[in-house]
Amino acid sequence: MTDSKQEQRKTHFADDPAAGPLTTDQGVVVDHTDDSLRVGERGPTLMEDFHFREKITRFDHERIPERVVHARGAGAYGYFEPYASCAEFTRAAFLQDPGVRTPVFVRFSTVQGPRGSADTVRDVRGFATKFFTSEGNYDLVGNNFPVFFIQDGIKFPDFVHAVKMEPHNEIPTGASAHDTLWDFVSLQPETLHTIMWLMSDRAIPRSYRMMQGFGVHTFRFVNARGRGTFVKFHWKPKLGVHSLVWDEAQEAQGRDPDFNRRDLWDTIEAGEYPEWELGVQLVPEEDEHRFDFDLLDATKIIPEELVPVRPIGRLVLDRNPDNFFAETEQVAFHTANVVPGIDFTNDPLLQARNFSYLDTQLIRLGGPNFSQIPVNRPVAPVRNNQRDGYHQSSIHHGTSYSPNSLGGGCPALADPDAPAFRHLMERVDGHKIRKRSPSFEDHYTQPAMFWHSMSDWEQQHIVNAFRFELGKVNSMEVRVRTVEQLARVDHTLAVSVAEGIGVPAPAPAGQVPQPTPSPALSLENNRGTGGIRTRRIAVLAGDGADAEQIDTLKASLTTAGAVVEVLAPHDGVFTGSDGADHPVDRALPTMASVLYDAVVVPGAPGGAPVPGLQPAAVRFVRDAYRHGKPIAALGTGIEVLTLLEVPLLLATGQQETVSDQGVVTHTPAGAISADFAHAFTEAIAFHRHPNRPPLRF
Ligand code: HDE
């Protein structure tokens, strides 16, 4: 199938560097680029050295300002295809024909940290999609949380100044655990719902491929008859929603700051294309006031139990960019990039965004012609009277005003009956005031709903996160005020947090809401359909390790789509129990448990010493246990678990396979039973086993 965006991109590829010798920007061939032109071998450099000056000048100007938020990201191309026509609700061309693919570019990002910050920080993740539709570009600029911190865009600079690094010392990088954020939160309770999400494991996704996305605002679909329907957008990952745990996320920041970026890149390179389903919640215009919250308030969700999410199509990412700067850095999203059939609501956050995104690109990309940058170019034809400005790269002909006669009246305006973007004719009437609607006033019911929708372990992780974050806040006043706010969400939550951060337990707040939980919010209910495709599994091997077991297990896991790597004390080969050399994928000292989803400790036949029992391997298994990751131990490999005093059921001589909380053990040497492979695969598909009893050490 031809991909119009890819065809267009190819026309912008720079000339093949292998096609000829090195030249200047002007195409002049040079034969020397290692020494500047100078007077004598030890003399001063000459101004006349245009090659030197050009090379240095170009280098001096290589950077552009990073995004003021969402500076760190990773992107990929792909396509979207609808399952069925959505004509009843929207006339958007790309949502009409099943099987017709619309090219897309997606950029995922963190929000707080600068371009060079680590991936696995506690933060919201951006999930921005540019659809190159036949009717122009449509940008769905969403996040992995369905709600936002503030209700009105005029508060955005305040919020961002509070969460970003503090102005005097630019600390902390990529973190929200500092005084200014929590000062703001404690004084601005509309933040609380999103703060609950931020303190949950949703804020540390295992992979961009395993997180949900949300349009956040209520938008509008508009059909061919001009009828509007409110719509909320949801992306659901095919692999299920999976997160890291906090301790692991922190270690991963050091072990691999590119953890999420690398994961996206590597899996696409390996042909494992990530996929999401696009779902919509639809609310007829006449039901606008049916809810006990306001559809225009971006700090609220519509619980899926009230309005189900209808799947309407799928998104697949199947191509890495060729050049990070040209594409991922220069892509410019804008919430006001809409196509016929999609329109706005009066959500004051959305209205502000519709100004901000165009404005920010003008400074970031250095002028108004950024839509001519290859990644941003629509595949739909562009004809208008916009002219000139920095970096104009088109050569326009003829007149540039409308109406004109000298240019034959071109470009003509669409006929009244022909397809064109026409704003929904919403009637608006009122006084000019600076005032929030009373329907935006309830800041506690939905955070409480989120809290009550969590499983026990999710609640515990949320308490731990609050304790961590507030424990880093120096101002006791801010700690106390935040806990008092939490008491208005849930008293037990507030008391547990207070205990951990050394402030008095708050008195029960007056009217604590008693919301109906929304099971759809719990990670427990978003594990996906199982399967272990692309999960990374480490096998800790060493000389004498049971080669047959390793080979059988590797084959079974690889067949199920997992990525299995054999780690040994050094690179090269290890000598297996069969006396043969077996390849090592990675040297153990260069890796760590946090870089894998599961670990296997094979045994050595005949009661020989466990091959991986050196301290690095013990630490590896200990971390995997603490982080709830599946562990398989075979034969004498079980000794590692015994050494760690793992308080779970382990296989002994009589039992062949025992599986307890994701720790799967198997005693006999030699062949692996189908039971064992099955139990371990199930444990990996489950992803995390958060209810394990703690280790003594
Ligand atoms: Fe953004 N946001 N935002 N934001 N946002 C930007 O635009 C802004 C908001 C989101 O990968 C900036 O091009 C305001 C909500 C994503 O390039 C800037 C407000 C949501 C990205 C901006 C919001 C988002 C941005 C910075 C409150 C989720 C990264 C660079 C009114 C629905 C896009 C840029 C990419 C980026 C402004 C709130 C998501 C400054 C004023 C709500 C995913 O224009």
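Visitor: Which helices do the buried residues of α13 pack against?
Guide: This is a predicted model, and in it the buried residues of α13 pack against α10 (445-453), α11 (456-471) and α12 (476-487).

Visitor: Which residues of α13 are buried?
Guide: Helix α13 covers residues 491-501, and its buried residues include Leu493, Ala494, Val497 and Ala498. Ser496 is buried too.

Visitor: What comes just after α13?
Guide: Glycine 502 sits there, with a positive phi of about 70°.

Visitor: Which residues other than glycine have a positive phi?
Guide: Valine 216 is one of them, with phi near 70°. Histidine 391 is another, with phi near 60°. As background, most residues other than glycine have a negative phi.

Visitor: Where is valine 216, and is it buried or exposed?
Guide: Valine 216 lies in the loop between β5 (213-214) and β6 (219-222). There are 25 other C-beta atoms within 10 Å of valine 216, so it counts as buried.

Visitor: And histidine 391, buried or exposed?
Guide: Histidine 391 counts as exposed, because it has 12 C-beta neighbours inside 10 Å. You'll find histidine 391 in the loop between α9 and α10.

Visitor: Okay, new topic. Which residues come nearest to the ligand?
Guide: There are 25 residues around the ligand, and Arg67, His70, Gly126, Gly153 and Val216 come nearest. The elements giving two or more residues to that shell are β2 (102-110), β3 (125-133), β4 (136-143) and α9 (348-364).

Visitor: Which element gives the most to the shell?
Guide: That's α9, with six residues.

Visitor: How many residues of the shell are charged?
Guide: Three are charged, while 13 are nonpolar and nine are polar.

Visitor: What does UniProt place at residues 23-410?
Guide: An unreviewed UniProt entry has the feature "domain: Catalase core" at those residues. In this model, the chain over residues 23-410 is 21% helix and 19% strand.

Visitor: Where are the cis peptide bonds you can show me?
Guide: One joins isoleucine 171 and proline 172, with omega about 0°. Proline 172 is in the loop between α3 (156-163) and α4 (179-187). Another runs from cysteine 410 to proline 411, where omega is near -10°. Proline 411 is in the loop between α9 and α10. For context, most peptide bonds are trans.

Visitor: Let's talk sheets. In what order do the seven strands of the open sheet come?
Guide: The order is β15-β12-β11-β16-β17-β19-β18, and the pairing is mixed. The edges are β15 (586-587) and β18 (657-660), each of which pairs on one side only.

Visitor: How many bridges join β11 to β16?
Guide: Three bridges join them, and the two strands run parallel. Strand β11 spans residues 536-540 and β16 spans residues 598-601. To spot the pairing, look for valine 539, which stands opposite valine 600 in β16.

Visitor: Which helix packs on that sheet?
Guide: Helix α15 (residues 615-626) does, touching β11, β16 and β17 (631-634). The direction of α15 makes about 135° with that of β16.

Note on methods:
Residues numbered from 1 in each chain as written. Predicted model: local features only at pLDDT ≥ 70, side-chain atom pairs only at ≥ 80, totals over all residues. Near = placed C-beta within 6 Å. Helix = DSSP H or I, 4+ residues; strand = E, 2+ residues; numbered from the N terminus. Nonpolar A, V, L, I, M, F, W, Y, C, P; charged D, E, K, R; others polar. UniProt positions renumbered as here; feature names shortened; annotations may be inferred. Pairing = 2+ DSSP bridges. Contact = placed C-beta atoms within 7 Å. Axes fitted to C-alpha atoms, helices over the stretch in contact; angles between N-to-C directions. Buried ≥ 20, exposed ≤ 12 C-beta atoms within 10 Å, placed from the backbone.
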